[in-house]
Amino acid sequence: SDNMFSRIARPTLCIANRSLTTSSQNNAKVAVLGASGGIGQPLSLLLKNSPLVGELSLFDIAHTPGVAADLSHIETRAHVTGYMGPDQLNAALKGCDVVVIPAGVPRKPGMTRDDLFNTNATIVATLADAVARNCPEAMICIIANPVNSTIPITSEVMKKYGVYNPNRVFGVTTLDIVRANAFVAELKGLDPARVNVPVIGGHAGKTIIPLISQATPKVEFPADQLSALTARIQDAGTEVVKAKAGAGSATLSMAYAGARFTFSVLDAMNGKEGVVECAYVRSEETECKYFSTPLLLGKHGIEKNLGLGKLSAFEENLVADAIGELKGSIKKGEDFVANMK
């Protein structure tokens with residue numbers, strides 16, 4: 001299964017060519033919940049630019065009409081509508097095929113992803129509730145941190161309505177893969193578009209496990225460099241938080257990664273074969289209930305979990321180190337929903 005991952009070229013984000021002939025299938029309705037935010041705006045721009053999107057439904061608690069008006073002037077076929085405030089949330093979700101959720105508060109210097117827990121847990125639970133009621137069959141792509149907990153939260157809320165489908169709920173970890181690809185390419189002088197590093201585990205600190213041993217093209221690093229590279233991939237979010245010095249966290253690279261993942265989901269829904277992305281999902285691959293691994297995507301979401309593949313001893317240790325923290329984050333998410341009023 002691990003060579004299947006390496007065989008597949010990763011998707012490219014391309015500027016929509018206006019003469020592109022698109023099949024009737026390429027007409028998905030995509031909602032962005034949190035569309036006015038630092039991630040939501042550039043993410044919505046990339047989605048508007050794609051021939052895969054027929055309708056773009058933008059929701060946020062403020063500024064959405066302006067963002068929607070602005071994007072609606074772009075000469076691509078996606079029809080844009082803006083919805084603002086809790087009373088318009090249901091309308092924003094009606095008939096959606098894919099729901100992307102970048103909503104939530106960003107990290108500030110000195111904060112961990114977990115420091116955002118109560119605020120973002122409440123936001124995600126509220127949005128998941130609305131998805132369960134309005135478009136229960138949609139693919140749900142969660143960007144809101146802490147992803148290690150917001151995916152269990154989303155799943156538990158869907159279960160309350162009896163509409164939970166583990167093949168359609170994804171924690172978007174794509175930014176970890178994008179960063180790993182960029183950093184490896186930089187170190188080895190490779191074209192980043194050709195590099196593909198699977199990243200498994202979760203989406204915070206030491207739960208982020210880059211599988212350099214499974215990278216394509218094949219790369220090797222001495223132990224000290226491998227250790228430093230792994231730490232950089234794990235701490236890359238903090239690198240951006242520090243560089244932005246109080247003005248937020250990763251927004252542009254996250255928007256790119258969120259769009260890349262969404263396009264892969266849409267491609268697979270349209271019947272494209274061999275679409276593989278890593279994502280944090282309900283899983284039987286380890287003793288954690290949720291775990292990110294390479295997934296073969298299909299018309300109905302996850303078609304096949306490709307698992308961890310062959311790990312190096314170094315990577316096996318990283319997995320062992322991550323399990324405890326992941327289990328704690330998962331329980332925290334589940335408990336949050338269990339104790340909700």
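## A linked trio

Glu186, Arg232 and Glu239 are joined in a network of salt bridges (a salt bridge being a side-chain nitrogen of Lys or Arg within 4 Å of a carboxyl oxygen of Asp or Glu). This is a predicted model, where local features need pLDDT of at least 70 and side-chain atom pairs count only at pLDDT 80 or more, while totals for chains, interfaces and linings use all residues. Residues are numbered from 1 along each chain as its sequence is written, and side-chain values use heavy atoms, with hydrogens and water left out.

Within the trio, Glu186 pairs with Arg232, their closest N and O atoms sitting 3.5 Å apart. That links distant parts of the chain, with Glu186 in helix H7 (residues 174–188) and Arg232 in helix H8 (residues 223–244), 46 residues apart. Helices here (H or I, at least four residues) and strands (E, at least two) are DSSP runs, numbered from the N terminus. Glu186 is exposed at 58% relative accessible area, whereas Arg232 is partly exposed at 31%; buried means under 20%, exposed over 50%, and partly exposed in between (1.4 Å probe, protein chains only).

The whole structure holds 11 salt bridges. One of them joins Asp114 to Lys332, with 2.9 Å between the closest N and O atoms. Asp114 lies in the loop between strand E4 (98–101) and helix H5 (117–134) and Lys332 in helix H10 (residues 313–338), so the pair ties together parts 218 residues apart in sequence. Both ends are partly exposed: Asp114 at 34% and Lys332 at 31%.

Lys159 is partly exposed at 40%.
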